[in-house]
Amino acid sequence: MNIRDRYLGSSLGSFWAITNPLFMLGLYTYVFGFVFKVKLPGADTTLAYVIWLISGYGPWIALQESIMASTTSVVGASGMVKNMAFKTELLPIAGTLVGVINLAVSLSFLFVLLLWSGAPITWHVLLLPVVVVLQFSFAAAIGIWLSAIAVFIRDVIQILPTVLTAIMFMTPIFYSFESMPKFAQNMSVVNPLFQIADGYRAILLEHRVPNLGGLLYVGLLSLGMFYFGLIAFRRAKGSFNSAI
């Protein structure tokens with residue numbers, strides 16, 4: 001399902017693809033910046049925490065959107081799958097790219113906050129495309145598996161939002177890595193979502209080169225998952241017509 005299909009029939013159409021993530025980012029800014037007034041250690045204002053939060057939560061919105069769209073891509077295009085001859089493995093890959101709009105909105109919102117706060121934007125921002133590519137590669141690796149499984153087990157589509165929400169709160173996005181218990185820190189190191197969020201924060205907030213070991217880990221994990229997922233997808237797609 002692409003952006004146009006999702007908002008077909010609505011008055012604002014594809015404009016919702018921009019307003020939805022913008023609303024969520026604005027809501028979290030208001031809640032944590034003006035209601036709870038959360039501050040980072042050593043910071044004088046709440047804006048520092050809001051920027052820190054958005055730098056992790058913004059990419060997460062995009063990643064979640066990519067995984068959800070990729071998972072439902074084959075089921076949502078059942079008419080095409082049944083009546084047209086094409087490489088159906090392209091559907092979950094195309095679904096992954098739905099998150100590009102969310103990421104663009106999130107990063108634009110974040111850059112506005114950075115400029116408002118007077119924070120510098122250094123040459124490290126040139127490394128941002130590396131993290132972006134790894135993020136969507138990981139989403140595609142997850143999506144190629146889930147899109148095939150969802151054809152036969154539709155409950156995957158229903159439970160996925162709950163699972164993703166649980167994973168979000170188990171990942172250091174709303175709280176710092178240092179605040180976690182030692183065992184949880186050890187688990188987070190092998191959590192690719194943490195490595196991705198940390199990559200954005202390293203580049204945009206800490207003005208340093210991201211953890212190359214962590215990014216290499218995400219890249220290799222994504223490559224392996226996608227390779228074996230593609231094999232499994234191609235073996236399963238012969239049964240798609242009877243299952244959809």
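A: R234 is partly exposed, with a relative accessible area of 46%; here buried means under 20%, exposed over 50%, and partly exposed in between, for a 1.4 Å probe and protein chains only. The model is predicted: local features need pLDDT of at least 70 and side-chain atom pairs pLDDT 80 or more, whereas totals for chains, interfaces and linings use all residues. Residues are numbered from 1 along each chain as its sequence is written, and side-chain values use heavy atoms, without hydrogens and water.

R234 takes part in a salt bridge with E89, at an N to O distance of 2.9 Å; the term denotes a side-chain nitrogen of Lys or Arg within 4 Å of a carboxyl oxygen of Asp or Glu. Because E89 lies in the loop between α5 (78-83) and α6 (90-96) and R234 belongs to helix α12, this pair ties together parts that are 145 residues apart in sequence. Helices are DSSP runs of H or I of at least four residues, strands are E runs of at least two, and both are numbered from the N terminus.

The accessibility of the two partners can be read alongside their contact. E89 has a relative accessibility of 5% and therefore counts as buried, whereas R234, at 46%, is partly exposed.

What is the N to O distance in the salt bridge between E89 and K237? The side chains of E89 and K237 meet at 3.0 Å. K237 sits in the loop between α12 and α13 (240-243), and E89 in the loop between α5 and α6, so this pair joins parts of the chain that are 148 residues apart in sequence. With a relative accessibility of 30%, K237 counts as partly exposed.

The C-alpha trace spans about 60 × 45 × 30 Å along its principal axes.

A search of the whole structure finds 14 aromatic pairs, where rings of Phe, Tyr and Trp (its six-membered ring) pair if their centres lie within 6.5 Å; planes under 30 degrees apart count as stacked, over 60 as edge-to-face and the rest as tilted. The rings of Y28 and Y57 have centres 4.5 Å apart and planes at 50°, so this pair is tilted. Y28 lies in helix α2 (residues 16-35) and Y57 in helix α3 (residues 47-71), and the pair links distant parts of the chain, 29 residues apart. Both tyrosines, Y28 and Y57, are buried.

Y57 pairs with F174 too: their ring centres are 5.7 Å apart and their planes stand at 55°, so this pair is likewise tilted. F174 lies in the loop between α9 (155-170) and α10 (182-189), and its pairing with Y57 of helix α3 links positions 117 residues apart. Y57 counts as buried because its relative accessibility is 6%, and F174 counts as buried because its own value is 12%. Y28, Y57 and F174 belong to one aromatic cluster, which also includes F32, F36, Y49, W52 and F169.
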